[in-house]
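These are my notebook entries on one protein model. I set down what I looked up, entry by entry.

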Amino acid sequence: MRTSAKGFLTTGLLMAIILFFSACQEKKTEQVTMQTVKIDTVMQGQQVQSVQYPGKIKPATEVNLAFRVAGPILRFPVQEGQFVKKGQLISQIDPRDYKIQLAASQAKYDQVKAQADRVKELYKRNSVTPNDYDKAISGLKQITAKLNADRNALKDTRLVAPFDGYVQKKFYDNHETVDAGYPIVSFLNTSHFEVDADIPATDYIRQNQFAGFSCTVDVYPNQPIPLKLLEIVPKSNMNQLYQARFRLEPPKDLHVAAGMNVNITINYLTGNQDLVFVPVTAVFDRNGKSMVWIYSPKTNQIEPREVTTQSVRSNGTMEISSGLKAGELIVTAGVHSLKEGQKVKPLAPVSKTNVGGLL
């Protein structure tokens, strides 16, 4: 019995070892037979093309700044062509008379408010009539409005920059008297610029195909700056061209100024957006039908799919009008030796630093 049990144990151990090596061999065989294929992504049928036009930078906003009050100019510290930051003083009217007027209003306000407070207290005790109470409240509101107006008038004797920009032109100087609302400086907004370009009718009618805009300044030819289309005037000029206006916001490290020449690039989409294109080598024939292999990265398996082909392009790609979507993965080499449901391994991309795989 001991010999028999030992024999059975030995036999079982040998069988387990045989099964283990057999499984390993099958797994190794499966790995060896997994075919390596080239995988590519289905590309959208539309392509981006571009046209270029000359243009010129101009200030986005040129405003005439004026005082809201009248009087002699006491200070005018800025000069023509000077850069001014937002909130910086541009000019000041002599505030003497406005200070006197504010002081008088303040004194009157204090008197009226004291009287109104007494009337309010008496009204609570039913010691004054409602008519006297209403008069006191109305008088307080009137003097409060007068006080606020005089405060604003004194504040308005200082004219400050509403935004960063340049003083383009001065219309007055120190000691001259100006009336309210009369422009004293022409001010340029430099927070952003605008660029104009004249485009032909062929571009005007395909506005819906525009895909992006940029420009290069003559002094910075290798640094494209994004543009934002503001409008295209729907009426042509004397040269049968349509004016396009763009918004330009240059990076802070580029010193761009109004008057500089630029080259404007307009990108637009061409072709049918329902089309996709694939390498010609991805398409094969099966029973008179055009087919491609769809690759699943989750299972590493391939499945055939029928497609409708169009023309072949000069760059070696074929247009597909149905059966595929942009972004899908397909096999693009060795398609004739593959089978449905077969597991494949994508070909590793060639390293840019290890050309030829020598390392």
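Entry on two helices. I first looked up helix H2, residues 96–124, and helix H3, residues 130–155, in this predicted model. Their axes come within 8 Å of each other and cross at roughly 155 degrees. An angle over 145 degrees counts as roughly antiparallel, and therefore I recorded H2 and H3 as roughly antiparallel to each other. I then noted the hand of the crossing: H2 passes H3 in a left-handed manner. I also sorted the residues of this contact by class, and found 16 nonpolar, five polar and eight charged residues between H2 and H3.

Entry on the whole chain. How many helices and strands does the protein chain have? I found four helices and 23 strands. The chain has 359 residues, of which 32% count as buried. The exposed surface comes to about 22,900 Å², and carbon and sulfur atoms supply 53% of that area. I next considered contacts in the chain with a separation of 6 or more, and noted that residues 24 or more positions apart account for 73% of them.

Entry on His-192. I located His-192 in strand S11, which covers residues 183–199.

Entry on Gln-92. I found Gln-92 in strand S7, residues 89–93. With 11% relative accessibility, Gln-92 counts as buried. Which residues does Gln-92 touch, not counting those up to four places away in sequence? I wrote down Phe-67, Pro-72, Ile-73, Leu-74 and Arg-75, together with Thr-157 and Arg-158.

Entry on Gly-87. I placed Gly-87 in the loop between strand S6 (83–84) and S7. Gly-87 has a relative accessibility of 44% and counts as partly exposed. Apart from neighbours within four places in sequence, Gly-87 is in contact with Val-160 and Ala-161. Gly-87 and Ala-161 are 74 residues apart along the chain, yet I read a C-alpha separation of 5.0 Å for this pair.

Entry on positive phi angles. The phi of His-175 is near 75 degrees, which is a positive value in a residue that is not glycine. Where is His-175 found? I traced His-175 to the loop between strand S9 (165–170) and strand S10 (177–178). At 66% relative accessibility, His-175 counts as exposed. Asn-300 is found in the loop between strand S18 (289–295) and strand S19 (302–306). Its relative accessibility is 28%, and I therefore recorded Asn-300 as partly exposed.

Methods
Residues numbered from 1 in each chain as written. Predicted model: local features only at pLDDT ≥ 70, side-chain atom pairs only at ≥ 80, totals over all residues. Heavy atoms only, no water. Axes fitted to C-alpha atoms, helices over the stretch in contact; angles between N-to-C directions. Parallel < 35°, antiparallel > 145°, perpendicular 65-115°, else oblique. Left-handed = near helix turned anticlockwise from the far one by under 90°. Nonpolar A, V, L, I, M, F, W, Y, C, P; charged D, E, K, R; others polar. Buried < 20%, exposed > 50% of the residue type's maximum accessible area, 1.4 Å probe, protein only. Contact = heavy atoms within 4.5 Å. Areas by Shrake-Rupley, 256 points an atom, 1.4 Å probe, with all protein chains shown as cover.
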